[in-house]
Amino acid sequence: FAQKGKDHFLIPWRSLEAISMGCVLLHQEGEYSKPLNELFLANEHYLAFETENDLMALLRDISQDTNAYDDIGKNARAYLQKNYSTANLWGSISRLLS
C-alpha cells in the first residue's frame with residue numbers, strides 16, 4: 001500500500017486506483033512501515049497486518065469468507081471519492097492559490 005521513498009513515505013497511484021475500484025488492500029504496519037492512519041483507517045478502509053503470521057491468518061480468514069470484507073472495499077472507495085476526488089483536489093489547489 002505505502003512505499004518508503006528516500007526520506008518519506010508515499011502511496012503509489014496503483015493503490016489509489018485499486019481503492020477506487022473497491023478492492024480491499026492489505027498493508028503491513030510496524031516499525032519499518034508507516035501506518036496510513038493519516039489518510040485512511042485500518043480495518044475500515046484497509047486491512048492491516050504486522051508479521052508474516054498475521055498476514056497468513058488474515059489471508060486464511062479472507063479465503064473462508066470473502067464477503068465479510070466487501071464493506072472495507074466499499075468504505076475505502078466512498079471515502080476516497082468523498083475526500084480525494086479530482087474535483088476536491090482541484091478545489092483545494094485553487095483555494096491554496098487564491
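Modeller: Accessible areas come from the Shrake-Rupley method with a 1.4 Å probe, and for residues only the protein chains shown count as cover. Here the protein exposes about 7100 Å², of which carbon and sulfur atoms supply 53%. This is a predicted model, in which local features need pLDDT of at least 70, side-chain atom pairs count only at pLDDT 80 or more, and totals for chains, interfaces and linings use all residues. Residues are numbered from 1 along each chain as its sequence is written, and side-chain values use heavy atoms, with hydrogens and water left out.

Colleague: What percentage of the residues counts as buried?

Modeller: A residue is buried under 20% relative accessible area, exposed over 50%, and partly exposed in between (1.4 Å probe, protein chains only). Of the 98 residues here, 23% count as buried.

Colleague: Which residues of helix 3 are buried, and which exposed residues lie on the face turned away from them?

Modeller: An α-helix has 3.6 residues a turn, so residues three or four places apart point the same way. In helix 3, the buried residues are I72, G73, A76 and L80. They lie on the same side of helix 3, because they cover an arc of only 100° around the axis, the arc being that of the directions from the helix axis to the C-beta atoms. The face turned away from this buried side carries the exposed residues K74 and K82.

Colleague: What covers the buried residues of helix 3?

Modeller: Contact means heavy atoms within 4.5 Å. The cover includes helix 1 (13-20) and strand 4 (47-49).

Colleague: Where is H45, and is it buried or exposed?

Modeller: H45 is in the loop between strand 3 (26-28) and strand 4. With a relative accessible area of 3%, H45 is buried. Leaving aside neighbours within four places in sequence, H45 is in contact with F40, I72, N75, A76 and Y79. Two of these, I72 and A76, are also among the buried residues of helix 3.

Colleague: Why does W90 count as exposed?

Modeller: W90, in helix 4 (residues 86-97), counts as exposed because its relative accessibility is 57%.

Notes
Helix = DSSP H or I, 4+ residues; strand = E, 2+ residues; numbered from the N terminus.
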